[in-house]
Amino acid sequence: MYEVFLSILSLLAGIGVFIAGMNLMGDGLEKSAGNRMKRIFKKVSNNPFINVGAGAVVTGIIQSSAATTVMSIGFVNAGVMTLLQATYIIMGANIGTTVTGLIASLSSLDIAAYISAFAFIGAMLMFIKKEGIKRIGQILCGLGLVFIGLGVMSGAFKNDLMKDAFKNIFLSIDFPLLLVVAGAVVTALIQSSSTSTSLLIILVASGSMNLGTALYIVLGANIGTCITAFIASSGTSANAKRTAIIHLLFNLLGGCIFFIVLCFLETQICALLKSMISDPGMQLAWFHVIFNVTTTLILLPFAKLLTKIACKIIRDKKKAEEMLTNKFIDDRLIKTPPIAVQQTKREVEYMASLAKANLALSFNSLIAKNLDKAEEIDKNEDILDFTNTSLTHYLIKLGPVVSGNDETLIGSYFHVVNDIERIGDHAENFLDINKKMNEENLEFSEKAKQDLVMMYSKIEKMFEIAMNVFGKTDKDHLYQIAELEDEVDNLKDQLSAGHVSRMAKGDCSVELGAYFYSLVSGLERVADHLVNVAYSIVNPIGTVVKVEEK
């Protein structure tokens, strides 16, 4: 019994090393392929084959179908991916996750010992300061640990008592449906179908489980992995919850199809696999590939039907008020930092577009001397405040998990978000001036209005250039926004002097002076913030010489 106890400890240790290696390797691959993953998700369209391919490639990189599904839930929740697109991504993820099983099946070959040595090589490389080499070291170390873990797990079954114990356990539940349930429960508990499938491959390779039994458990493992998506979808939008439902429906239907086939053709399928592949572990790994690829091919034409069923199960809830939500960012995306950084930039650009629209509404309302848009301006300001707060919290969470150039970007986004929020505040200030002037029945002269409109036209041009520079990281147009800022600074002095002259002539009342100065000063400060936004691409704090709030 003592030997069995030691073998169990060895098995648990092997599983722990395997999971640690998978996480380390996946993290390294994810960081190294960050820009490629961004490009992959940018290509997501309504083309099912492109999306299935994207799901497979991303899952192959991060070595986790659950993580890809959670990412899809985050995209759907953020409103940047449709439910149908997410369905195709999930189908591809199920294909991509088979890579782990194929890797695990190599553990029985002589090459496994050599690959295990990568753990040492990788660990040494991780001490090198250069980021690229450190990531390669992380990948190699993770891969080596994966094979060490597999080796330790295999060693646990060299004990005949241990082997016989597992054989007896599975003989006692040698009923197909129970085996599927067992696979689903175990995978749901450990939240990793890759780990459970790899363990099954070790069991089959060591002779502790026959191939026919393992086939049913693999079907259950594919169903059990859906629990991760359900956990991730809690507290999300209806569409995000539907994404989790689709993941379950896809895996459940695929499992049912193959369960029926196995019930009638188990012996023939096992014989076919054994005739094609000599290694028992590889036989199971390739069955896993065949299962997921075939399921995708069968259900791909029914993707739209799956989305309709999910919509029937999860219905939209009618709300009295529209809730404030982010457009592009979602906490679930933080697990994939390169994608999270990309989505953060999109959220910042959305916030800037809203600030620009609100500034236009507020300024034009003031010039027209009406308050028809006051409610809309206030509502937009609430959204800007919410977005500012949520983006700031998101950046704080994202900061510790990014590296390299993304770390610099996150630092600059803090300042950009603050500048955009200040622009929103100026729009609100313009509305307040409009309200006060209406209460006091005051109106600017036509000349004053023309001067203000001329100055505001410069701000509009600066807004356009600033967002183009920020969005495209276009340094070539920085000089243009710097020139426009100088023009705005000069206009502030000229217009202020002109207004003093009009007051001296009696063309404008003294009461209007304070409001006019507030407006031109506000527009000049907006120009300063726009310069900061543009120059954030070369300096995290904005311009080379920091512009202080006046």
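Q: Which residues of H6 are the buried ones?
A: The buried residues of H6 are Thr98, Thr100, Gly101, Ile103, Ala104 and Ser105, where buried means under 20% relative accessible area, exposed means over 50%, and partly exposed lies in between (1.4 Å probe, protein chains only). The helix labels refer to DSSP runs, numbered from the N terminus (H or I, at least four residues; strands are E, at least two). This is a predicted model, in which local features need pLDDT of at least 70 and side-chain atom pairs count only at pLDDT 80 or more, while totals for chains, interfaces and linings use all residues. Residues are numbered from 1 along each chain as its sequence is written, and side-chain values use heavy atoms, with hydrogens and water left out.

Q: Why is serine 116 called buried?
A: Its relative accessible area is 17%, which falls under the cut-off, so serine 116 counts as buried. Serine 116 belongs to helix H7 (residues 111-116), and it touches Gly144, Phe147 and Ile148 when residues up to four places away in sequence are not counted.

Q: What makes arginine 135 and glutamate 131 a salt bridge?
A: The closest N and O atoms of arginine 135 and glutamate 131 are 3.7 Å apart, and a salt bridge asks for a side-chain nitrogen of Lys or Arg within 4 Å of a carboxyl oxygen of Asp or Glu, so the pair qualifies. Both residues lie in helix H9, 4 residues apart, about one turn of the helix. Arginine 135 counts as buried at 18% relative accessibility, whereas glutamate 131 is partly exposed at 32%.

Q: Why is the pair of lysine 458 and glutamate 487 said to tie parts together?
A: The side chains of lysine 458 and glutamate 487 meet in a salt bridge (2.8 Å, N to O). Lysine 458 lies in helix H21 and glutamate 487 in helix H22 (residues 478-505), so the pair ties together parts that are 29 residues apart in sequence. Lysine 458 is partly exposed, at 24% relative accessible area, and glutamate 487 is partly exposed as well, at 32%.

Q: Why does the span of helix H21 agree with its number of residues?
A: The expected span is 1.5 Å times one less than the number of residues, so the 27 residues of helix H21 (residues 446-472) should span 39 Å, and the end C-alpha atoms are 39 Å apart, which agrees. Threonine 473, which follows H21, has a positive phi, near 50 degrees.

Q: Which residues touch the most other members of the largest nonpolar core?
A: A nonpolar core is a set of buried Ala, Val, Leu, Ile, Met, Phe, Trp, Tyr and Cys residues joined through side-chain atoms within 4.5 Å. Of the 79 residues in the largest nonpolar core, Leu359, Phe444, Ile459, Ile481 and Leu530 touch the most other members. Helix H18 (residues 337-368) gives the most to this core, with 14 residues.

How values were computed
Contact = heavy atoms within 4.5 Å.
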